[in-house]
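Thanks for coming, everyone. Please have the sequence and the 3D view open. I'll go from the whole chain down to single residues.

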Amino acid sequence: MDLLEYQGKLLFARHDVPVPEGKAATSVEEAVEAAEAIGYPCVVKAQVQIGGRGKAGGIKVAQNAEEAEAHAKAILGMDIRGLTVHEVWIEEASDIADEYYASIVFDRSAKAPLVMLSTKGGMDIEEVAEADPDAIARLHVDPLLGFQDFQGRRLAFEAGVDADVVRPVGALLKQLYGAFIDEEAMLVEVNPLIVTGDRQVRALDAKVTLDDSSLFRHAENAELRNPSAEDPQERMAKRRSSRPSRSSCPTRRSRPCSSTSSAGSRAATRSRAG
Ligand SMILES: Nc1ncnc2c1ncn2[C@@H]1O[C@H](COP(=O)(O)OP(=O)(O)O)[C@@H](O)[C@H]1O
Ligand SMILES: [Mg+2]
């Protein structure tokens, strides 16, 4: 089961992964109410399970209630590559200094979770993997030992994050790993993971895929609903738009994705751009 961005962020927050404060809304009135509660500037974000919402006009900054209303009106009901927006997430605007990329998938061939980190965030990670594979730091975690603090720091260092945020980025990766394991996720992806002007590190976007067969152990997750995913026509549109256009894979360049893991290949084909 794929979660919407805000459902992923709420799941992250339960595991102390830092995320911006926000509220979900399904109507213009609710959106304005949420914006007033959060304060300005805030961001109105379309909640559909597809990447590139920013480029498609599904993410807009509001400086006041009038703008929040106008953006909510424009975004609710909008079509983003075949998916109708039924819900928006209103969150505080972040002052972005840097955009990084982080993800965790289960690598079946290595029988271990694979953590990836890159300073080339905010863009399509498949393109990064193709053009500059060394820009992605990778590390397998021994499932029995778990994620060690030094591994987070090593990944941050290898990826080339700014020296002053090596520790907080490492700490975020450890929390993300906790979320991945405890919630029995198949994929968690943060693109972008940001550093703010005042050097705070937080997850600005969230893509989470949960293992359907383990949902019975996670009542809170099993209750999550996504109106777009339940519309058969929209499901078909999503399948069409998520067909792989290239056969690249961020985890392994020399072998096809299917040899790494099904979660890995899904991550590669459906990875959110930007
Ligand atoms: N809360 C926010 N504050 C400031 N800018 C944001 C915020 N959320 C998103 N953005 C901007 O919009 C871009 C796209 O947002 P993101 O959540 O990654 O959606 P998508 O990947 O679907 O385009 C981000 O890279 C960032 O530049
Ligand atoms: Mg994104």
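Let's start with a term: two residues are in contact if their C-beta atoms, placed from the backbone, lie within 7 Å. Take the contacts in the protein chain with a separation of 6 or more: residues 24 or more positions apart account for 66% of them.

Some ground rules. This is a predicted model, where local features need pLDDT of at least 70, side-chain atom pairs count only at pLDDT 80 or more, and totals for chains, interfaces and linings use all residues. Residues are numbered from 1 along each chain as its sequence is written, while chains are lettered from A and ligands numbered from 1 in the order in which they are written.

Now the overall build. The protein chain has ten helices and twelve strands. These are DSSP runs, numbered from the N terminus: helices are H or I with at least four residues, strands are E with at least two. Of the chain's 274 residues, 46% count as buried. Buried means 20 or more other C-beta atoms within 10 Å of a residue's own; exposed means 12 or fewer; partly exposed is in between; these C-beta atoms, too, are placed from the backbone.

Next, helix α1, residues 5–14. Is it mostly covered or mostly open? Mostly covered: seven of its ten residues are buried. They are Glu5, Tyr6, Gln7, Gly8, Lys9, Leu11 and Phe12. What do they pack against? Strands β1 (22–25), β2, β6 (88–92), β11 and β12 (207–210), plus helix α6. Just after α1, Asp16 takes a positive phi of about 65 degrees.

On to a helix pair. Helix α2 (residues 28–38) and helix α3 (residues 65–75) pack at an angle of about 140 degrees, and their axes are 9 Å apart. Axes here are lines fitted to C-alpha atoms, for helices over the stretch in contact, and angles run from 0 to 180 degrees between N-to-C directions. Who meets whom? From α2 come Val28, Ala31, Val32, Ala35 and Glu36; from α3 come Ala65, Ala68, Glu69, Ala72 and Lys73. By type, that contact has seven nonpolar residues, no polar ones and three charged. Nonpolar covers Ala, Val, Leu, Ile, Met, Phe, Trp, Tyr, Cys and Pro; charged covers Asp, Glu, Lys and Arg; the others, Gly among them, are polar.

Now the ligand. Which residues come nearest to ligand 1? Of the 19 around it, Val43, Arg53, Gly54, Ser94 and Asp205 do. Near means that the C-beta atom, placed from the backbone, lies within 6 Å. Strands β7 (96–107) and β10 (185–196) are the elements that give two or more residues to this shell. The shell divides into seven nonpolar, seven polar and five charged residues. Why does ligand 1 lie between two domains? Because domain 1 (21–92) and domain 2 (96–222) both give residues to its shell. Those bounds come from an automatic or database domain assignment.

Most residues other than glycine have a negative phi, and most peptide bonds are trans. A cis peptide bond joins Tyr40 and Pro41, with omega about -5 degrees. Pro41 sits in the loop between α2 and β2 (42–46). Asn191 to Pro192 is cis as well, with omega near 15 degrees, and Pro192 lies in strand β10.

Glu184 has a phi near 55 degrees. With 16 C-beta neighbours inside 10 Å, Glu184 counts as partly exposed. Arg199 has a phi of about 65 degrees, in the loop between β10 and β11 (201–203).
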